[in-house]
Amino acid sequence: MNPENEPPIVAISPLQQQRKPNMAPKNESPIVAFSPLQQHRDEEEYVPEQPTLFVAMGSPTLLIEQSEAHDFLREMGRRFHFPERRPECVVCVSARWVSDSDKVKVMSNPYPKTVHDFFGFAECLNEVEYAATCDSEMSAKVAEALENHDIPWEFDGQRGYDFGCWSPMALLFPSADIPVVQVSLHASLEPDIHFRIGEALGGLRESNFLVVCSGGLTHNLMDISFGEEAIPPSAITFEQWVQEVMRYEENRSELITPEEAWGARNRRLARWQEVAEGVVLAAKHCHPTPEYYLPLCVASASGGSSSVIHRSWSLGCLSMAAFMFGLLPPMRDRAPKDEQKPPVDTESPLLRKVRRSSVMLAKPLIAATDDAAAASATGESILGSEEDMEVAAARLQHAIVSHKHPMRAARSPSQDADDSARPAQAAEQESGDKSDSRSAMPDKIERPRTSGGSKSGSRPASRAMVRQAQESAAETDERKFVAMIELAEKGQFSHKARENDREQ
């Protein structure tokens, strides 16, 4: 029996429970159903738990052509731009990156280049540069999650963002101001290991990590058409089977806990090429190779109730269906516009331009702009005259676009002289062993705080793991430098060679 004034609970499914809307007591808002992984925390300790998105990458023209999938990704990105929903990091699993060894690879390159791994499309797509960063601490957290689930892994300090990653990310987060860590598929292309990868990455969602899996429910390029041809029956059959598995397994009455329902869903998805499922012919026709289907396995294994958030078709046979596992972080109540007070802005527009241009640069630049923000409130300036600040903003913007960040080159004597002119606090932060900057590690890596809530619920990665990620990227840069010297001595290094290296 229910206590007095307590409305009865009506079980809708093992994944969702809600109260009857008309039975709520007075002065109490109806209960909103959250997934079992999403729990409210105290306001000062609240860290938003992110969902997992499975999106279809489709064609490289998704970024420039108007379509239903294009509009959907832009609208979904707007939903994450609220402060309480902003992720601290994005972990991307793309079908375009399959490991060449028996280990799952984790990106550790701090400034990944944009890889244009396609040909025959508009030339403007080859000029796209998605200038996000790959934070070493975030890479270390991803590696720790894989290691905790006994998944063999290794850092890759050379990998760049393939179009399966940067194409949807450029629509979701066009400002590229959130770190993106890309994770490869396993070389075996077996569903079981990818379900384990999904379980490992799903634990990061509680630390405000958004998981984005990029693939496709159908990917048979032999069926592509550019006219009004009907969609192949095999593509329709396989898409409907995936949606039926999600809907049926999550609402079976004999499953008691959400984990049981998610496990049953994963077991059905793992049998996608078995005769018992009745779609073996459609599955083999839609996926001649399984790498575009495996990101769905990773997304499903991360946990959370599934929901179809988009459906459309591209090029006559490519399903652009998208799924979300879990729920978006809840929105905070906002006062009406007439009651909101305008924020106090202590920065000049020019200083704000410098800060926004240098979000992706190294810790010295971040410390300098923070000191400048504090000095601007008292009318002081530590960045020089406004003309110098304009020149600095232009140089920083050029560095971001060309991916030639100052941290890639050795520090010059003039830069060391500038450090001595900084305030004592910034100088201490920059102090250390300059002769071995690759192995030097602060006790805790400080990053500019995002607007996604407090970080008290996010555990920092171990220093050893962060150092390993940084060393893998440093070794890659050293190998590239040695190769450039050897080519220059032979007279074979030219602009064309650099372009070929960029394409590879």
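The axes of helix α4 (residues 191-202) and helix α8 (residues 294-301) come within 7 Å of each other and cross at roughly 45°. This angle makes α4 oblique to α8, where angles under 35 degrees count as roughly parallel, over 145 as roughly antiparallel, 65 to 115 as roughly perpendicular and the rest as oblique. Axes are lines fitted to C-alpha atoms, for helices over the stretch in contact, and the angles run from 0 to 180 degrees between N-to-C directions.

The model is predicted: local features need pLDDT of at least 70, side-chain atom pairs count only at pLDDT 80 or more, and totals for chains, interfaces and linings use all residues. Residues are numbered from 1 along each chain as its sequence is written, and side-chain values use heavy atoms, with hydrogens and water left out.

**Overall composition**

The protein holds 15 helices and twelve strands; these are DSSP runs numbered from the N terminus, helices being H or I of at least four residues and strands E of at least two. Of its 504 residues, 47% count as buried, that is, under 20% relative accessible area, with exposed meaning over 50% and partly exposed in between (1.4 Å probe, protein chains only). Among contacts with a separation of 6 or more, 79% join residues 24 or more positions apart; contact means heavy atoms within 4.5 Å.

**Two helix pairs**

The crossing of α4 and α8 is right-handed, a term used if the near helix is turned clockwise from the far one by less than a right angle, whereas anticlockwise is left-handed. On the α4 side, P191, H194, F195, I197, G198, E199 and L201 take part, and they meet L294, C297, V298 and A301 of α8. These residues divide into eight nonpolar, two polar and one charged. Here Ala, Val, Leu, Ile, Met, Phe, Trp, Tyr, Cys and Pro count as nonpolar, Asp, Glu, Lys and Arg as charged, and the others, Gly among them, as polar.

How many residues of α8 are buried? Eight of its eight residues are, and the helix is mostly covered. After α8 comes G303, whose phi is positive, near 95°.

A second pair consists of α5 (233-249) and helix α6 (residues 258-270). Helices α5 and α6 are roughly antiparallel to each other, and their crossing is right-handed. The contact is made by W241, V245, M246, Y248 and E249 of α5 with A261, A264, R265, R268 and L269 of α6. By class, seven of these residues are nonpolar, none is polar and three are charged.

| Helix pair | Angle | Axis distance |
|---|---|---|
| α4 and α8 | roughly 45° | within 7 Å |
| α5 and α6 | about 155° | 9 Å |

**A buried histidine**

H219 lies in the loop between β8 (209-215) and α5. Is H219 buried or exposed? H219 is buried, because its relative accessible area is 18%. Leaving aside residues up to four places away in sequence, H219 touches C286, H287, P288, Y292 and L318.

**Aromatic rings**

The structure holds eleven aromatic pairs. Rings of Phe, Tyr and Trp (its six-membered ring) pair if their centres lie within 6.5 Å; planes under 30 degrees apart count as stacked, over 60 as edge-to-face and the rest as tilted. F118 and F121 form an edge-to-face pair, 5.8 Å centre to centre with 90° between the planes. F118 is buried, with a relative accessible area of 14%, whereas F121 is partly exposed at 36%. Together with F163 and W166, F118 and F121 form one aromatic cluster.
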